[in-house]
Amino acid sequence: MELLGKSREELQALCEAIGEPRYRAGQIYEALYAQRKLSLEEMTSLPKALRERLAQETRITLPVVKQRFVSSDGAIRYLMSLPRTEEKATARAASVEAVFMPSEGRQTICISTQAGCAVDCQFCLTAQLGLIRNLTAGEILAQIMLSLNDVTTSGGCNGDPNDRQLAPQTNVVLMGQGEPLLNYDAVMKAMRIALDQRGMRITPRHVTLSTSGIVPGIERLAEEKVRPKLAISLNASCDEQRDVLMPINKKYPLRVLLDACKKFPRGSREYITFEYVLLGGVNDTPEDARRVAKLMSDLGRVKVNLIPWNPGALPYKEPSAESVSEFHRILLEKGVPAFTRYSRGRDVMAACGQLALKDADNSLLPVLR
Ligand code: SF4
């Protein structure tokens, strides 16, 4: 039986089944998720006899870090291979990527929720892989745990071998490969453990789930008691444009998507973030900016992140510096909080829309089967 990804309740059932008291489940849960002890030998809070018993009856399966690319800006991109699992839906081996981005006083980890993606956004390299498979809750959590453990053992955020401390604030963004809301159950199972203050202890307001606009998933997320913040990958100012850039828009057009956003509950200082990748000559005109401002006008607390396109393998152009600043200016003038974000890790293919299993030579890696 696989331990990684098991909830506290599932661990309690396991302990009962093997004749151990229920409190042992709490000890396993804490060692695994709060202390990130990824082998039974390391879980020294458990009696040796129990560790031996668990070693016979359970396992902890971790992705294997195949390659680790360090960007000049400090970001680290991990290429991880996922073994086959015993469950039918995840019986195929696959590869995914996670990106660790350190910055002053905090660290952000971008994780994948599916291997490849079926959504087919035209500006996204991951789309070219198609959907390979969904990740399990354990595989989603493992990306956070492995990157945090790697950074502490490899010398802290600054690469200083004497600095083994993590930054005080850990942010997690579900913006790597895959559409999180098309793998809802595994994603939310992982998030309940990540956000549990007895589990991985990540603060809910520091976790952001980004979706291409899967409306039934947004509505389901709105009902969750504890949930990540919501981000929408918008990238277009009207249906005509979005139908081309993000064909999912034909199924969930802007009117339906924005209505779900309007109803989405928000805490006292919580915003829905709209991400807008600026593609030179495609969606970056002043007219686009005015349309985006209008779309945002009656949605409640929202903000817009403008992300200038990273030139790469796809046939889009970087927007000019003038069009980026004019777009930004128009949004602010219309009262929409807006920020321009330049992607981290551009030189190691870790930036937005670039996660597609690229190796050091920048060639598309074969997907493991
Ligand atoms: Fe999938 Fe996100 Fe890429 Fe769209 S942008 S194809 S949803 S990974």
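How many disulfides does the structure hold? The structure holds zero disulfides. The model is a predicted one, and its overall make-up is a reasonable place to begin.

The protein has 369 residues, and buried residues make up 58% of them. Its secondary structure consists of ten helices and twelve strands. Contacts can also be sorted by how far apart the partners lie along the chain. Among contacts between residues at least 6 apart in sequence, 65% join residues that are at least 24 apart.

The next stop is the ligand. Which residues surround the ligand? They are Cys-117, Val-119, Asp-120, Cys-121, Cys-124, Ala-127, Gly-178 and Ser-212. By type, this shell divides into five nonpolar residues, two polar residues and one charged residue. Cys-117 has a relative accessibility of 9%, and because buried means under 20%, Cys-117 counts as buried.

Is Ala-118 buried or exposed? Its relative accessibility is 52%, so Ala-118 counts as exposed, the cut-off for that class being over 50%. Leaving aside its neighbours within four places in sequence, Ala-118 is in contact with Gly-130 and Leu-131. Another residue to look at is Glu-179: Ala-118 and Glu-179 are 61 residues apart in sequence, and their C-alpha atoms are 8.0 Å apart in space.

Arg-36 has a positive phi of about 50° although it is not a glycine. Asn-235 is not a glycine either, and has a positive phi of about 65°. Arg-36 lies in the loop between helix H2 (23–34) and helix H3 (48–57). Asn-235 is found in the loop between strand E9 (229–233) and helix H7 (239–245).

Are these two residues buried or exposed? Arg-36 has 17% relative accessibility, which is under 20%, and therefore counts as buried. Asn-235 has 1% relative accessibility and so counts as buried too. What is Asn-235 in contact with, once its neighbours within four places in sequence are left aside? Its partners are Phe-123, Leu-245, Met-246, Glu-275, Tyr-276, Val-277 and Asn-283. Of these, Leu-245 belongs to helix H7 (239–245), the helix at one end of the loop that holds Asn-235.

The last stop is the second largest pocket, which has a volume of about 450 Å³. Its lining is made up of 25 residues, and those that lie nearest its centre are Glu-2, Thr-85, Glu-87, Thr-136 and Ala-137. The elements that give two or more residues to this lining are helix H4 (137–153) and helix H5 (184–194). Which element provides the largest share of the lining? H4 does, with three residues. Sorted by type, the lining residues of this pocket divide into eight nonpolar, eight polar and nine charged.

Technical notes
Residues are numbered from 1 along each chain as its sequence is written. This is a predicted model: local features need pLDDT of at least 70, side-chain atom pairs count only at pLDDT 80 or more; totals for chains, interfaces and linings use all residues. Side-chain values use heavy atoms; hydrogens and water are left out. On a 1 Å grid over the protein atoms alone, a cavity is a set of points where a 1.4 Å probe fits but cannot get out, and a pocket is an open set with protein on both sides within 12 Å along at least five of seven lines; lining residues have an atom within 4 Å of a point. Grid points are joined across faces, edges and corners, and a volume is the space filled by probe spheres set on the points. Helices (H or I, at least four residues) and strands (E, at least two) are DSSP runs, numbered from the N terminus. Ala, Val, Leu, Ile, Met, Phe, Trp, Tyr, Cys and Pro count as nonpolar, Asp, Glu, Lys and Arg as charged, and the others, Gly among them, as polar. A disulfide is a pair of cysteine sulfur atoms within 2.5 Å. Buried means under 20% relative accessible area, exposed over 50%, partly exposed in between (1.4 Å probe, protein chains only). A residue is near a molecule or strand if one of its heavy atoms lies within 4 Å of it. Contact means heavy atoms within 4.5 Å.
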